[in-house]
Amino acid sequence: MHKSFSNLQLMVKSKPVDELTTVPPLGMDVKSLSDCFRYYYNHTLGRSKDCKATHYPYTALGFTLRDRLIERWKSTHFAYEDSDCKRTYYLSLEFLMGRALSNCMLNLDLNEAVQESFYQLGLDMEEIADTEQDAGLGNGGLGRLAACFLDSCASLQLPVKGYGLRYEYGMFRQHIEGGHQVEETDHWLLNGNPWELERPEYTQRVKFGGHTEYHTNKDGKLNVYWDGTRDVLAIPYDIPIPGFKNGTVNTLRLWKAAATDEFDLDEFNSGSYTEAVEEKNSAEHITMVLYPNDASENGKELRLRQQYFLASASLQDVIREWLKNHNDFSNFAEKNCFQLNDTHPTVSIAEFMRLLIDEYNHSWDDAWAIASKTMAYTNHTLLPEALEKWSVGLFKCLLPRLLEIIYEINSRFLKEVAMHWPGDSERIQRMSIIEEGPVAHVRMAYLAIVGSFSVNGVAALHTELLQKGLFNDFYQLWPHKFNNKTNGVTPRRWLAGCNPQLRQLISKHIGEKWIKDLSQLKQLKKHVNKKEFRNQWQKIKLANKVKLADLVKTQCKVDFNTDALFDVQVKRIHEYKRQLLNLLHVIHLYNRIKAGDTKNWTSRCVLIGGKAAPGYAMAKLIIKLTSNIADIINNDPQADGLLKVAFFPNYNVSAMETICPGTDLSEQISTAGKEASGTGNMKFMMNGALTIGTLDGANIEIREEVGDENFFLFGLTAEEVESSRGHYDPMAIINGDRDILNVMTMLESGYFNQCEPKLFDPIIESLKNPHDMWMTLADLRSYIDAQEEVSIAYQDTKRWTTMSINNTLSSSKFSTDRTMEEYNRDIWKLDKVAPYPIK
């Protein structure tokens with residue numbers, strides 16, 4: 001703790017602490033911020049000069065800023081309500097929000113005021129900000145994209161509300177022991193969350209299990225009752241989402257699961273303590289942890305519970321809000337839209353039908369007309385195995401009423417298919433929502449397509465491949481449903497916030513409008529050839545590399561030379577993302593060093609980071625290989641000053657905020673046709689990193705924007721990958737290329753696992769397998785050659801800096817502001833609503 005932290009009781013010299021007995025005015029000036037901070041620290045939190053814990057001043061600052069958000073939050077809510085505007089609800093099982101403090105200060109334009117306030121109080125702002133835990137409520141790109149979307153919607157003043165789950169434990173913490181990934185729980189709520197507001201008055205009740213009963217009423221209408229259920233309460237917690245300097249504060253509502261009764265008193269009194277709290281524990285498991293390992297049946301059941309819990313609570317909440325000001329659902333579809341973020345919330349379609357039919361007495365046709373005009377589906381994967389399927393048996397046990405509705409949806413849908421393609425039984429079987437077989441399954445992606453009015457991919461190639469491949473049958477039936485919305489990232493967090501020195505340089509030359517309109521960055525074109533501007537750009541990049549090197553030293557215990565090329569690949573560990581390809585190139589470089597082939601060498605520091613799913617053995621083995629290679633190379637005097645390798649543990653949003661500004665080369669090397677979009681590539685590009693990549697996902701559009709000369713391209717195209725299947729011969733590649741043969745020989749010799757025999761045999765076997773889905777060796781020669789081009793370009797400082805600037809100024813397409821404008825133009829059709837002014 002800062003040495004003057006004990007002076008907290010004496011903060012703001014003109015006022016002793018005992019004068020602050022009421023909450024000070026909510027001004028945006030230094031004095032008001034200081035007074036509020038003192039009040040919350042000393043009164044609300046009850047701390048004194050003896051307290052040394054840093055999370056208390058962080059919490060006090062969070063409360064101080066939240067007060068300023070709340071008055072804007074209310075004015076935004078009332079403006080939406082009074083205008084009766086159309087709204088969109090963004091349903092996502094993941095929201096990888098990261099830290100809130102710096103983002104809030106930036107969007108409220110309070111950076112300088114808070115910094116000055118803390119300076120006067122004698123507090124270390126950076127130390128206190130580092131106390132904040134990442135809100136790791138996401139697995140990777142999907143959850144981070146959702147967070148960026150919410151930021152852009154608020155900045156564009158679009159009435160969009162996020163719905164997710166308030167996991168008690170977020171994405172696991174990763175640490176490395178002996179080169180192996182070890183998972184630890186991430187109790188991100190351990191010290192509380194000053195940004196959230198519990199809203200128990202809006203608690204919803206969610207049903208599970210039970211059975212259905214059919215009764216005919218006196219009018220002859222058949223009514224369905226879902227009885228005998230074990231219900232769970234959904235308690236909402238609201239998090240404010242501020243727009244950038246516009247007064248708008250939207251809402252992210254997260255649901256926490258709770259038992260309808262805390263415990264059974266009779267069981268407790270009889271001494272059966274475990275049984276007494278069984279229901280409470282069972283209910284709370286739903287939101288206990290992000291994405292349980294679904295390798296087991298229990299894991300599958302819990303994951304389906306999570307998905308339905310989110311869908312049911314959110315839909316009931318939207319209906320509750322709707323019926324406050326409307327008597328019926330006659331114009332519901334005109335005023336509401338649900339955006340389903342991947343297949344996880346797809347069960348919302350069946351649940352909305354259930355609510356409309358069973359709870360609000362609509363006919364099937366009326367309910368379907370409403371539901372099918374309000375649901376929109378975003379697909380995020382080209383991997384068939386990633387499209388969720390649930391066994392009919394599990395569905396029947398857990399959600400019997402919804403299974404009936406899904407069967408009815410499917411029956412009516414297949415009649416339409418049969419009318420369109422008479423006699424084509426194979427197509428009917430192919431398109432059925434219910435996949436028949438020894439164990440029947442519900443295909444959730446198919447349910448999403450059938451029940452939605454819009455189906456979008458997230459990059460041009462991704463959408464094209466969906467239409468031509470994965471969902472071709474559906475595209476032939478409903479071409480009007482399909483559209484592309486290339487992903488983006490918010491420039492507030494991923495350039496203005498994480499790279500303040502570059503922000504200042506850019507703003508000095510073109511003003512600050514670019515933070516809300518990234519197309520303004522194109523104005524930098526006229527500065528590219530100015531020596532002074534390039535020199536300033538280089539100095540900022542070097543300063544950012546120093547910060548990154550410090551972080552690597554702290555986290556990895558490896559020294560990175562800031563004059564070297566910083567070559568970075570940080571993302572989820574998966575075979576299709578091909579960290580293995582990166583490692584094979586590292587081995588190639590090491591082979592050259594050992595052979596003395598270092599003439600005109602470009603020193604390189606390779607950083608790899610990311611988490612492997614707990615049940616994904618091959619991904620974990622790739623982490624182990626990375627660690628072993630790093631250990632050998634970093635301790636070899638012959639490689640010193642030429643090559644360093646580090647595996648970055650527990651990669652998260654906050655780490656990326658230091659990594660992307662300090663990166664020279666961004667590795668986007670997935671097998672062509674496998675990455676839906678990617679967003680890390682966009683963050684690196686915005687911060688001036690150059691990309692080495694395949695023609696996959698959004699790489700294609702990045703290359704189109706920045707130009708071929710500013711992108712290092714290699715590898716097979718998606719079409720070439722597919723055409724190679726069936727006659728791919730990795731052994732011929734190995735034997736026909738001396739460099740690749742040397743790489744494989746070193747790997748197979750056990751050089752990197754001398755005390756762990758046969759450890760990496762599964763990796764070697766996968767690389768040499770002619771059925772290798774990822775065709776890693778097919779691209780290795782091209783990758784080595786492209787990396788040599790990188791090394792040559794990096795030696796030419798002027799050329800590299802010019803390429804770096806061109807990447808940043810060409811990145812405007814990859815702002816989520818553009819993405820959200822397109823969602824709104826083509827799918828949501830919302831009016832922008834300004835909040836009421838703050839008095």
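A pocket here is an open set of points on a 1 Å grid over the protein atoms alone, with protein on both sides within 12 Å along at least five of seven lines; a cavity is a set of points where a 1.4 Å probe fits but cannot get out, and lining residues have an atom within 4 Å of a point. The model is predicted, with local features needing pLDDT of at least 70 and side-chain atom pairs pLDDT 80 or more, while totals for chains, interfaces and linings use all residues. Residues are numbered from 1 along each chain as its sequence is written, and side-chain values use heavy atoms, leaving out hydrogens and water.

**Pocket and cavity**

Let's start with the second largest pocket. Trp73, His77, Arg199, Thr251 and Arg253 lie nearest its centre, out of 28 lining residues. Helix α2 gives the largest share of that lining, 8 residues. The other elements that give two or more residues are β1 (87-91), β4 (160-165), β12 (249-259) and α10 (297-325), alongside α2 (55-83). Helices (H or I, at least four residues) and strands (E, at least two) are DSSP runs, numbered from the N terminus.

In the largest cavity, Gly98, Ala100, Glu132, Ala135 and Trp195 are the closest to the centre among 28 lining residues. Helix α2 turns up here too, and it supplies at least two residues, as do β2 (95-98), α3 (101-107), α6 (141-155) and β11 (232-242).

The table sets out both spaces. Volume is the space filled by probe spheres set on the grid points, which are joined across faces, edges and corners. Ala, Val, Leu, Ile, Met, Phe, Trp, Tyr, Cys and Pro count as nonpolar, Asp, Glu, Lys and Arg as charged, and the others, Gly among them, as polar.

| Space | Volume | Lining residues by class |
|---|---|---|
| Second largest pocket | about 550 Å³ | 12 nonpolar, 5 polar, 11 charged |
| Largest cavity | about 440 Å³ | 15 nonpolar, 9 polar, 4 charged |

**Two open sheets**

Strands of a sheet pair through backbone hydrogen bonds, either parallel or antiparallel. Two strands count as paired if DSSP finds at least two bridges between them.

β21 (residues 604-609) pairs with β22 over 6 bridges, and valine 606 has valine 645 of β22 as its bridge partner.

Helices cover this sheet as well. Axes are lines fitted to C-alpha atoms, for helices over the stretch in contact, and angles run from 0 to 180 degrees between N-to-C directions. Contact means heavy atoms within 4.5 Å.

The other open sheet has 3 strands, ordered β15-β17-β16, and its pairing is antiparallel. β15 (389-391) and β16 (434-435) are the edge strands, each pairing on one side only. Between β16 and β17 (residues 441-443) there are 2 bridges, and glutamate 435 has histidine 441 of β17 as its bridge partner. α17 (residues 444-451) lies across β15 and β17, at about 45° to β17.

**A helix pair**

Finally, α22 (residues 531-556) packs with α33 (residues 797-809) at an angle of about 85°, with axes 10 Å apart. The two are therefore roughly perpendicular, a term for angles of 65 to 115 degrees. On the α22 side the contact uses Phe533, Arg534, Trp537 and Gln538, while α33 brings residues including Thr797, Lys798 and Ile805. Sorted by class, this contact has 3 nonpolar, 6 polar and 2 charged residues.

Methods
Angles under 35 degrees count as roughly parallel, over 145 as roughly antiparallel, 65 to 115 as roughly perpendicular and the rest as oblique.
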